[in-house]
Protein chains: 2
Amino acid sequence: MATIKAYGAQSETADIAPLSIERREPRPDDVAIRIDYCGICHTDIHFARNDWGRTVYPVVPGHEIVGTVTAVGDGVTAFEPGDRVGVGCLVDSCRECSACDEGLEQYCDNGFTATYNGEDRHDGSVTFGGYSEAIVVSERFVLRMPEGLDAAASAPLLCAGITTYSPLVEFGVGSGDRVAVVGMGGLGHMGVKFARALGAEVTLFTRSESKREEALRQGAHKVVISTDDGQMEAVADRFDYILDTVPVQHDLNPYLDALKRDGTLILVGLLEPIEPPLDAGAVVFRRRRVAGSLIGGLPETQEMLDFCARHDILCDIEMLDIRNINEAYERMQRSDVRYRFVIDMNTLRR
Amino acid sequence: MATIKAYGAQSETADIAPLSIERREPRPDDVAIRIDYCGICHTDIHFARNDWGRTVYPVVPGHEIVGTVTAVGDGVTAFEPGDRVGVGCLVDSCRECSACDEGLEQYCDNGFTATYNGEDRHDGSVTFGGYSEAIVVSERFVLRMPEGLDAAASAPLLCAGITTYSPLVEFGVGSGDRVAVVGMGGLGHMGVKFARALGAEVTLFTRSESKREEALRQGAHKVVISTDDGQMEAVADRFDYILDTVPVQHDLNPYLDALKRDGTLILVGLLEPIEPPLDAGAVVFRRRRVAGSLIGGLPETQEMLDFCARHDILCDIEMLDIRNINEAYERMQRSDVRYRFVIDMNTLRR
């Protein structure tokens with residue numbers, strides 16, 4: 001066991017603060033990783049503050065991890081010390097169910113092991129995430145970071161990236177499709193980039209006229225102000241796919257109406273009951289679909305990273321000294337970040 | 001123009017009663033049909049009573065029509081007098097949009113012409129449905145009734161049949177799939193028969209233990225009592241497809257939970273806002289889909305009729321003298337019919 005430095009929350013009212021955690025010695029299939037960068041996801045805040053009522057304290061958040069291999073177990077074949085690697089939202093799964101067999105570990109029938117606040121399948125310990133100097137992860141759950149991808153700006157690809165890439169690919173977005181993205185935060189701006197790179201005609205739905213220029217810069221062809229009834233009517237029955245990244249309750253019906261016959265509204269942010277209620281008539285009369293998607297499996301995450309390298313896709317980030325993390329949390333809650341904070345983990349080692 | 005006998009409602013509070021209506025002389029593409037049988041759909045009641053606020057009176061309901069060709073226009077090539085034919089929910093569409101091009105006239109971008117209470121695209125008159133001696137319909141919207149299909153028991157195939165057949169086929173139900181049907185009325189019992197004939201393992205969800213034997217007789221392999229929490233838990237994550245035929249608001253979440261990862265809940269009855277609200281988490285965490293489907297297009301309706309002939313599929317019906325139609329409406333509202341009333345239209349001619 002190694003004792004290392006980390007940042008985490010000791011209770012739901014505590015700030016994120018320094019603490020010490022233990023990391024296991026590498027098992028035969030493990031990769032030991034020095035963490036270089038870690039993105040901050042909204043989920044981190046939810047866990048730190050126990051918004052979902054299931055946080056085990058202390059919690060060390062962070063599941064957008066880029067680092068460098070420092071050691072490997074005897075059985076590891078794919079990685080060696082010095083390799084640049086990534087770790088996302090999952091560090092283990094049952095590896096036996098049909099989902100795991102298909103490389104869809106995020107849908108593991110027996111529940112995946114989350115990178116933090118999960119329960120280790122071997123020793124029952126609580127997992128600690130990326131706000132720390134180092135992490136030890138089973139080879140299957142380690143990603144190879146392609147050469148040429150900026151290490152810091154690729155960290156959020158491990159969550160925000162794969163969460164938007166996976167549904168676009170799985171639901172079949174391709175050249176010529178009309179795709180709209182709802183919301184332009186960490187997920188939304190990645191959705192715009194991926195949809196564009198996949199050959200789609202891309203529209204951003206936003207409530208704020210102020211995001212127009214920025215959305216066009218990100219690759220959107222068009223911007224529709226979702227609070228403007230005239231603009232919404234003008235796009236009725238228009239889109240093959242709408243990727244909705246908004247994580248709070250909102251009215252989905254205007255987006256449903258903007259779908260073509262056979263179009264699909266894909267939820268990747270919302271986890272609450274759908275209120276105001278969805279209009280079943282708008283689903284039935286145009287054979288529309290409402291679907292959801294959760295992060296992505298390991299093979300597809302690797303595929304996404306390689307896609308990003310080929311298409312020069314990165315997350316837009318603001319680099320952070322870990323000592324300023326509480327201020328970053330506050331700014332995130334005001335949506336005051338374009339578009340993801342990434343912690344420079346060297347600031348933890350200093 | 002020909003003046004013929006019909007039954008219809010003169011106002012939302014009036015009983016269904018005899019009246020006279022005009023039918024046009026056949027246009028070059030028209031088929032004139034003597035109506036032999038007409039099924040009664042719940043939609044008929046909704047229109048008679050103006051439940052949806054858009055009934056034009058007098059209304060002559062009926063869109064599950066089986067009859068015999070009596071005359072054809074000069075341009076008609078597919079039918080001749082004496083042919084047994086069917087007419088369903090649509091008697092026209094724009095014939096120019098992409099939906100019509102694909103034979104999906106029910107999703108016509110310019111709105112299909114409903115068999116009753118629709119507006120004729122040529123003369124602007126209000127269409128009258130099947131509670132009448134005869135009807136005149138453009139060739140494209142006339143179905144050929146396969147030989148060997150009982151004429152009366154096949155009438156409801158034109159609405160209840162195609163409404164359940166189309167989504168099962170379109171969403172890809174096949175051999176070995178696990179399909180559940182919610183509700184066993186006119187639509188539900190057809191859904192059970194079609195899913196079974198398509199090779200699926202079929203489960204019926206019902207609130208009523210009394211329907212068990214009957215569901216098994218219809219072809220269901222299993223019956224799950226949806227009000228029994230233990231039975232519902234036992235089928236969590238089980239089904240590839242659930243066909244929900246219930247036309248009134250009900251909680252969809254227990255059915256969502258019964259879907260596998262990537263499973264699809266297909267709504268064909270519900271047209272209201274979905275309340276209680278759908279749980280987005282249950283959609284996202286298992287990549288499930290909620291979809292809808294509306295009747296079917298003309299080519300697929302013909303395909304369905306031919307499928308029924310090959311597989312000996314008919315609707316279970318109770319034959320009705322048209323003079324008893326108001327009693328039939330009352331019984332339908334108590335769900336006291338197995339499973340569709342079909343009017344013997346000879347009782348109108350007597």
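**Exercise 1.** How many salt bridges are counted between chain A and chain B?

*Solution.* Start with the criterion: a side-chain nitrogen of Lys or Arg lies within 4 Å of a carboxyl oxygen of Asp or Glu. Applied between chain A and chain B, this gives 6 salt bridges. One of them joins A:Asp109 to B:Arg286, with 3.2 Å between the closest N and O atoms.

The model is predicted, so local features need pLDDT of at least 70 and side-chain atom pairs pLDDT 80 or more, while totals for chains, interfaces and linings use all residues. Residues are numbered from 1 along each chain as its sequence is written, chains are lettered from A in the order in which they are written, and side-chain values use heavy atoms, without hydrogens and water.

**Exercise 2.** Describe the contact between the two chains.

*Solution.* First, count residues: chain A gives 35 and chain B gives 35, where contact means heavy atoms within 4.5 Å. Next, take the buried area (accessible area, 1.4 Å probe, lost on putting two parts together, summed over both). Chain A and chain B bury about 3,000 Å², 62% of it on carbon and sulfur atoms. A:Arg261, A:Val284 and A:Arg287 supply 23% of the area that chain A buries against chain B, more than any other three residues.

**Exercise 3.** Which strand of chain B pairs with S15(A), and in which sense?

*Solution.* Strands are DSSP runs (E, at least two residues), numbered from the N terminus. Two of them pair if DSSP finds at least two bridges between them. S15(A) pairs with strand S15 (residues 289-292) of chain B in the antiparallel sense, over 3 bridges.

Terms used:
Helices (H or I, at least four residues) and strands (E, at least two) are DSSP runs, numbered from the N terminus.
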